[in-house]
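Please read the following note with the sequence and the structure at hand. It is written for a reader who is new to protein structure.

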Amino acid sequence: MSEFKSEYMQVLSERGYIHQVSDPKGLDDLCAKETVTAYIGFDCTAPSLHVGSLVQIMMLHWFQKTGHRPIALMGGGTTRVGDPSGKDESRKILTPDDIETNKAGIKQVFEKLLTFGTGPTDAVMLDNADWLLSLNYVDFLRDIGRHFSVNQMIQRDSVRLRLEREQHLSFLEFNYMLLQGYDYLELYRRTGCRLQMGGSDQWGNILSGTDLVRRIEGIESFALTSPLLTTSSGAKMGKTADGAVWLNEDQLSAYDYWQYWRNTEDADVERFLKLFTLLPLDEIARLAALEGAEINEAKKILATEATALLHGRDKAVAAAETARKAFEEGQSAEGLPTIEISRSELEDGVGILNIYVTAGLCASNGEVRRNIKGGAVKINDKGEGSHERQISLSDVTDDGVIKLSLGKKKHVLLKPV
């Protein structure tokens with residue numbers, strides 16, 4: 001049983017979302033007695049968020065589902081500065097147009113997991129550019145900067161680790177903590193926000209905000225962070241050998257997203273079911289108890305439920321069916337990732353090394369050679385043993401495509417046009 005009495009804190013505790021809380025009892029009491037407003041900030045550094053941000057979005061989802069009001073704060077202002085937390089070097093400076101484009105992209109995911117509106121528990125989306133870009137620097141230093149201790153700031157992990165490793169930390173980045181703290185103050189004044197959440201690398205920045213709200217407004221506000229997720233083998237969530245696992249479908253197909261979750265390591269299945277699906281805990285416990293080959297069924301359910309949350313049930317089911325046909329029946333199934341190639345190229349023949357790199361199945365010619373030698377490369381479900389093999393029009397199947405496979409799980413259709 002959870003030690004918490006509020007439904008929200010119970011959910012977070014039972015599902016594994018909590019890493020640190022500034023005042024667990026105080027926050028629990030507040031959530032138990034009234035509708036609370038909380039926010040998480042998302043800087044606009046790319047046109048889509050990736051899986052590494054999904055824990056925070058799910059925290060906002062559960063916050064709303066348990067009767068509270070979430071704020072998704074777009075970092076239109078702070079993105080211009082760059083958060084040094086967890087980074088070894090300065091973030092690339094983006095143009096205002098880049099930031100606006102990225103902001104429009106990352107907004108899409110929130111509409112799938114939150115309900116926006118004007119009701120007491122409807123989600124709100126704000127942009128800190130609305131107040132940060134109009135600040136007067138001297139007034140800001142006098143009114144806000146005087147509440148920040150440089151002694152404390154250089155002890156925050158985001159700053160301390162860079163300094164210890166003697167890596168460059170610009171004054172621009174050093175200011176990020178002040179701006180994030182000011183966001184909290186501004187959101188309290190505008191919305192009554194009493195809670196900021198984020199990843200564990202944000203702990204110091206969030207505490208600076210709670211301290212600022214207390215000093216200026218005399219109000220206790222709260223900080224809550226989630227664990228920094230890695231897989232059981234130590235890999236960082238949201239990154240694969242093929243690149244980032246993006247949340248927007250124009251960056252990563254629903255099928256490839258399904259495959260990411262299907263390839264979860266055995267030891268991570270229960271934890272990921274709790275964090276990334278809405279399945280009841282008793283059902284998750286049942287799935288987690290599966291052993292041997294049966295654990296693959298749990299992985300398929302994880303993949304389908306996680307994909308349904310983001311891309312809809314129809315696309316999730318379609319991805320599962322495509323995978324079943326491709327992997328279990330050995331068929332060239334519609335729905336697999338497809339790349340187009342000119343028919344004239346195939347008339348002359350394209351080398352297998354080149355085509356596997358172009359299709360994104362391997363990163364280099366050497367990797368293709370190694371996989372051919374290891375028996376992992378198949379053309380139209382038939383093993384290929386020669387790195388000199390030419391792919392041509394004669395390989396096109398009755399379905400009008402050429403199926404390229406790497407092992408049992410990675411497939412791409414080559415479509416002549």
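1. Basis of the note. This is a predicted model, in which local features need pLDDT of at least 70 and side-chain atom pairs count only at pLDDT 80 or more, while totals for chains, interfaces and linings use all residues. Residues are numbered from 1 along each chain as its sequence is written, and side-chain values use heavy atoms, with hydrogens and water left out. Helices (H or I, at least four residues) and strands (E, at least two) are DSSP runs, numbered from the N terminus.

2. The sheet. Six strands make up an open sheet with mixed pairing, in the order S1-S6-S5-S2-S3-S4. Strand S1 (20-21) and S4 are at the edges with a single partner strand each, so one side of each has no neighbour in the sheet. Two strands count as paired if DSSP finds at least two bridges between them. In general, strands of a sheet pair through backbone hydrogen bonds, either parallel or antiparallel.

3. Strand S5. Five of the five residues of strand S5 (residues 195-199) are buried, so the strand is largely enclosed by the rest of the structure. Buried means under 20% relative accessible area, exposed over 50%, and partly exposed in between (1.4 Å probe, protein chains only). S2 and S5 run parallel and are joined by two bridges; Leu-195 in S5 is the bridge partner of Ala-38. Five bridges join S5 to strand S6 (residues 222-226), and these two also run parallel. Within S6, Ala-223 stands opposite Gln-196, and Leu-224 stands opposite Met-197.

4. The crossover. From S5 the chain passes through helix H11 (residues 203-217) to S6, in a right-handed β-α-β crossover. Right-handed here means that, with the strands pointing away from the viewer, the path from the first strand over the helix to the second runs clockwise.

5. Helix H4. Why does the span of helix H4 (residues 96-113) agree with expectation? At 1.5 Å a residue, its 18 residues should span 26 Å, and the end C-alpha atoms are 27 Å apart, which agrees. The expected span is 1.5 Å times one less than the number of residues. Buried residues of H4 include Ile-99, Ile-106, Val-109 and Phe-110. The buried residues pack against several elements, among them strand S2 (37-43), helix H3 (54-65) and helix H15 (295-311).

6. Helices H1 and H3. The axes of helix H1 (residues 7-15) and H3 come within 9 Å and cross at roughly 145 degrees. Tyr-8, Val-11, Leu-12 and Arg-15 of H1 make the contact with Met-59, Trp-62 and Phe-63 of H3. Contact means heavy atoms within 4.5 Å. H3 also lies across S2, S3, S5 and S6, running at about 160 degrees to S2. Axes are lines fitted to C-alpha atoms, for helices over the stretch in contact, and angles run from 0 to 180 degrees between N-to-C directions.

7. Two single residues. Trp-131 is placed in helix H5 (residues 129-132) and counts as buried at 4% relative accessibility. Leaving aside neighbours within four places in sequence, Trp-131 contacts residues including Leu-73, Tyr-182 and Arg-190. Thr-264 is in the loop between helix H12 (254-262) and helix H13 (269-276), and its 5% relative accessibility makes Thr-264 buried. Not counting residues up to four places away in sequence, Thr-264 touches Val-269, Phe-272, Lys-299 and Leu-302.
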